[in-house]
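These notes are meant for someone opening the model for the first time. Please keep the sequence and the structure side by side while reading the points below.

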Amino acid sequence: MNERLALLNAVDAVLPETEVLRLALQQAVAELGGLGGAVHLRGSANTQRMYLVAVSGLPRAFTRSWDGIPDGAPKAPTEAVREGSTVWLPAPAGLGTGMVSTPLISRKGPFGALSVVTTTPGEPAAAHQETLRAVAAWAAERLRRAEEPVVTPPDRQAVPGAPDVPGTPDVSGTTYTPGTPETPEAEDVLRATRIGSWELHAPSGRLHVDDSLLETFGFDPDTYDGRTETWMSIIHPDDRPWVVGEWDQAVRTFGLIDLEYRVRRPDDGTTMWAHVRGRAESDGDGRPYRVVGTAWDSTESGIGRDAIRRALRFMSDGFLSLDGAWRITFVNVQAERLLNSSRRQLVGAVLWDVPVVRRVPGLESRCRETAAGATAVGFDAEWPDTGRWFHIRLVPVPDGLACYFADITEARQREADRVAAERQAAERAARIQELTADLAEAITTQDVTDAVARRVLPPFGASGLIIQVNEDDRMWVVGSVGYPQAFLNKVSGASMSVRSPGADRLRTRAPWFCATPEEYVRTYPEHADRPVAIGKQAWAFLPLIVSGRAIGVCVIAFDEPHHFTGEEQTLLMAVSGLVSHALERARLYDAEHSRAQQLQRTLLPQTLPALPAVTAAARYLPAGQSMDVGGDWYDVIPVSGCRVVLVIGDVMGHGLPEAVTMGRLRTAVRTLTDLELPPDEILVHLNDLIAGLGDDSFATCLYAVYDPTSGLCTFARAGHPPPAVVRPDGTVSFPESAPDPPLGAAEPPFETVELTVPEDGLLVFYTDGLVESACRDIDAGMGRLAELLRERPDGDLDELCDTLTADLLPADQQNADDAALLVVRAHRLAADAVATWTLPDDPQSAGTARKHVGEQLAAWHLEDLVTTTELLVSELIANVVRHARGPVRLRLLHSTTLVCEVYDGSPTTPRIRRATETDEGGRGLQMVAALSEHWGTRYTATGKCIWTEQPLVLPDTAAPLMVVPGLDEVA
């Protein structure tokens with residue numbers, strides 16, 4: 001108790017009376033742990049009522065019935081005043097367990113009561129009641145001092161106490177007797193608290209007020225006429241409409257009148273704040289009969305509230321306050337605008353009845369949640385039909401809810417702009433990182449152009465790109481995006497001596513950021529037509545400098561005028577540095593790669609020969625741009641007897657050494673083919689060649705010979721995939737053979753495979769790069785190749801090659817290895833185009849052979865070749881008879897040339913020797929070489945074959961052939 005009294009005594013002595021009662025209530029409620037408290041003061045002798053003048057912690061629904069309690073009512077406050085002591089009465093129902101009241105006592109007796117609603121069962125403990133009486137005594141003493149300050153003698157009790165037994169002196173030494181009628185001093189106390197009582201007789205409109213109230217509000221008691229109109233006339237004009245409205249509504253509904261408004265005193269014209277409380281009572285018919293209540297001067301707190309109201313009224317944020325029934329009690333100008341209604345329409349209205357409020361997402365639910373708790377809540381919402389965003393803050397207050405509406409549209413926009421700027425900056429930084437990574441991987445000039453277009457143009461909103469390089473004092477376009485070709489053709493190759501933005505950048509080595517077409521035309525009037533011709537309106541001309549050398553210029557263009565910020569200029573300059581080094585590397589690579597590709601193209605067949613035995617088509621696809629040139633190759637070589645050599649190979653690895661090895665290998669194949677060795681022997685010689693190049697050189701190869709007279713294809717392979725054989729009916733097969741190791745690692749001999757190719761069948765040769773990749777093994781690739789071949793067994797060979805490469809090597813995938821493809825359609829010589837005779841091993845065979853030749857050439861209508869062919873056949877058969885052994889076989893082939901073949905059983909190869917004038921022999925092969933276009937020898941399984949080729953039409957200038965007797969040949 002002593003601590004609470006010490007706390008109260010420390011309060012400022014000039015504290016307003018209403019604040020005295022509030023503090024006393026707070027301490028009393030805290031001491032007893034009650035739900036709340038109230039202070040009642042007795043009215044004038046005429047009213048015989050006690051009026052509620054202060055409340056703490058109690059809802060309005062409870063206190064409504066405690067306004068204007070008749071003196072004789074059986075309630076705790078009236079009982080405490082009548083008995084002059086502390087009284088506890090149990091609660092009839094509803095709130096708390098009961099109410100304890102103690103009187104407020106002056107010199108002449110009780111003039112009011114301080115009450116607390118209790119929560120513990122039964123009457124409060126004696127210690128609690130003692131504290132309650134001490135607090136009440138402190139409040140009564142402070143109210144008395146406000147009326148008439150009294151100096152307490154030094155020997156008087158310092159801490160005020162309250163008597164609890166009738167006849168006990170109070171702190172001033174005054175005694176009182178219970179039931180003593182109110183004395184003038186009670187009215188003095190009421191006057192000191194500026195609280196007065198009033199009573200309105202509803203039927204007559206007569207308003208009775210006590211003297212305290214007349215004095216407080218500036219009326220002369222002698223002239224006051226008691227009319228309601230007189231009382232209403234002193235209400236401030238700005239407050240009168242809503243006061244009258246609230247008054248009328250409360251009277252009609254028998255509700256609580258609780259109003260605070262401004263009053264103009266009639267005696268001196270000053271403005272004061274008045275707080276009026278009251279309650280209407282009904283007659284027997286349920287109509288309002290009289291209204292009783294209290295009023296007091298609340299100027300000190302009202303002025304503060306008025307200042308606050310004015311500040312709230314005109315502040316930029318919206319504000320409104322709600323009572324416990326969700327009615328609007330205050331609304332400022334900004335809130336009126338938001339709610340699309342005037343203050344007169346809004347004050348007193350339920351918030352949820354305002355149409356626009358129902359359209360604010362989540363407002364009602366959040367309001368209810370906040371009011372049910374004790375913590376302020378804030379959230380953002382878009383206000384309907386305005387496109388503006390507000391931060392709505394809901395603050396719970398004792399009697400309702402306060403709502404603040406702060407317009408955050410600009411703040412959100414600034415935040416959005418900031419976030420967007422940061423995001424753009426982050427995206428640009430990410431693009432620069434991505435550009436750096438892409439340029440680091442860029443191999444060719446086109447790679448550099450693509451990287452800049454992909455990583456630089458989008459984040460800056462640009463639409464055009466030109467990269468020019470300086471070669472021989474001319475500006476050449478090496479890459480572009482978004483420019484018309486006609487313009488590129490015009491500026492590519494322009495002389496550096498001609499003034500232009502690009503040439504000036506190289507001379508000055510300084511960038512130029514041109515924001516508008518007008519600026520471009522002012523700077524370069526001689527090129528005033530360019531902005532319109534190219535459809536661009538802003539440019540960034542960036543010099544490309546490497547190791548102090550200006551190698552070119554990068555131009556980034558925009559479709560709209562663009563004012564470059566400092567950050568953009570810095571970023572673009574950084575981009576130009578990255579592009580410069582990448583472009584220099586790419587140009588060096590382009591030059592080297594171009595030379596390598598040119599070398600590779602020269603090593604591959606420029607065209608495939610047109611042969612009667614086969615129709616061929618081929619494709620070579622280099623690896624992706626990031627790879628060097630490779631060693632894949634193919635060839636089609638005609639040989640004797642209308643036969644064709646089909647060869648394909650792959651030097652393992654990539655680069656110029658591999659390409660050179662491929663050229664050497666192809667040359668060796670051509671040379672060895674002229675020897676007309678079998679395929680397995682060819683591979684033996686090639687293996688020796690590759691092995692001699694070093695341990696790191698390896699190559700695969702497939703060597704095949706196709707004979708159109710028999711349809712037989714003989715091949716051998718070293719580490720190479722087998723060919724695909726496609727029959728006219730679409731059947732596809734891969735001949736089975738043991739896979740020999742690649743050249744350079746193989747151990748001869750090599751396996752030879754023979755297969756018969758049907759008329760118009762296909763032979764498909766390929767390297768592993770066509771059917772094998774990182775995502776597909778070679779078996780799956782060969783399976784897919786077979787499926788594609790079955791679909792088009794008889795189509796055009798070039799179209800077939802395109803179909804195969806497009807499917808097996810899609811354009812959108814970078815193949816990691818070279819790929820070579822050779823597709824051959826096999827043809828047969830007609831049966832009547834081949835004539836074969838077996839001859840005896842004696843000198844008479846030459847005559848027999850001449851007879852057969854004459855008859856066959858006449859049948860083929862080649863009479864012009866009879867004489868020459870007879871001479872050739874005679875010499876070849878004579879050579880066999882003299883120097884070789886039988887059996888002898890003669891064969892004529894009628895194709896694009898006339899082929900004459902003589903077979904014998906000797907493996908000895910004839911060769912031309914130079915005969916002197918005295919030699920009788922040695923001139924036979926010289927005559928054979930002179931009479932034929934080509935001649936040669938090839939080995940067979942049983943011996944050899946000497947063959948000649950003659951054109952079907954002899955030259956017009958050919959001299960008549962003469963038979964020179966005695967010519968022979970040396971084996």
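**Notes on the predicted model**

1. The protein has 29 helices and 37 strands. Helices (H or I, at least four residues) and strands (E, at least two) are DSSP runs, numbered from the N terminus. This is a predicted model, in which local features need pLDDT of at least 70 and side-chain atom pairs count only at pLDDT 80 or more, while totals for chains, interfaces and linings use all residues. Residues are numbered from 1 along each chain as its sequence is written, and side-chain values use heavy atoms, with hydrogens and water left out.

2. Of the 971 residues in the protein, 49% are buried. Buried stands for under 20% relative accessible area, exposed for over 50%, and partly exposed for values in between (1.4 Å probe, protein chains only). Among contacts with a separation of 6 or more, 58% join residues 24 or more positions apart; a contact is a case of heavy atoms within 4.5 Å.

3. Helix α4 covers residues 76-83, and six of its eight residues are buried. These are A76, P77, T78, E79, A80 and V81. The elements that cover them include β1 (36-42), β2 (49-56), β3 (69-70), β4 (87-90), β5 and β6 (109-118). Just after α4, G84 has a positive phi of about 70°.

4. S101 belongs to strand β5 (residues 98-106). Is S101 buried or exposed? S101 is buried, because its relative accessible area is 0%. Its side chain makes a polar contact with the side chain of S115, at 2.5 Å. A polar contact is a pair of N or O atoms within 3.5 Å; within protein, one must be able to donate a hydrogen and the other to accept it, and residues adjacent in sequence count only if both atoms are side-chain atoms. Leaving aside neighbours within four places in sequence, S101 is in contact with A76, P77, A80, S85, T86, V87, L114 and S115. Of these, A76, P77 and A80 are also among the buried residues of α4.

5. Strand β21 (residues 538-546) has eight of its nine residues buried, so it is largely enclosed by the rest of the structure. β21 pairs with strand β20 (residues 512-514) in the antiparallel sense over three bridges; two strands pair if DSSP finds at least two bridges between them. A540 in β21 is the bridge partner of F513. β21 also pairs with strand β22 (residues 549-558), in the antiparallel sense over nine bridges. Here V546 stands opposite R549 in β22. The hairpin of β21 and β22 has two residues between the strands, and S547 takes a positive phi near 50° there.

6. The next points concern empty space. Rolling a probe the size of a water molecule over the atoms shows where such space is left. On a 1 Å grid over the protein atoms alone, a cavity is a set of points where a 1.4 Å probe fits but cannot get out, and a pocket is an open set with protein on both sides within 12 Å along at least five of seven lines; lining residues have an atom within 4 Å of a point. Grid points are joined across faces, edges and corners, and a volume is the space filled by probe spheres set on the points.

7. How many cavities of 30 Å³ or more does the whole structure hold? The search finds five. The second largest cavity has a volume of about 70 Å³. Its lining consists of W198, L200, L207, V209, T228, W231, M232, W247 and V276. At least two lining residues come from each of β7 (195-201), β8 (206-209) and α8 (228-233), and α8 gives the largest share, three residues. By class, the lining has eight nonpolar, one polar and no charged residues. Ala, Val, Leu, Ile, Met, Phe, Trp, Tyr, Cys and Pro count as nonpolar, Asp, Glu, Lys and Arg as charged, and the others, Gly among them, as polar.

8. The second largest pocket holds about 600 Å³ of space. It is lined by 24 residues, of which R643, T714, R938, Y939 and T940 are the closest to its centre. Elements that give two or more residues to this lining are β26 (699-707), β27 (712-718), β30 (752-756), β34 (888-894) and β36 (934-939). β26 supplies the largest share, four residues. The lining of this pocket divides into twelve nonpolar, five polar and seven charged residues.

9. I912 lies in the loop between β35 (897-904) and α29 (924-931). At 38% relative accessibility, I912 counts as partly exposed. I912 and Q926 are 14 residues apart in sequence and 6.5 Å apart in space, C-alpha to C-alpha. Not counting residues up to four places away in sequence, I912 touches L925, Q926, A929 and W935.
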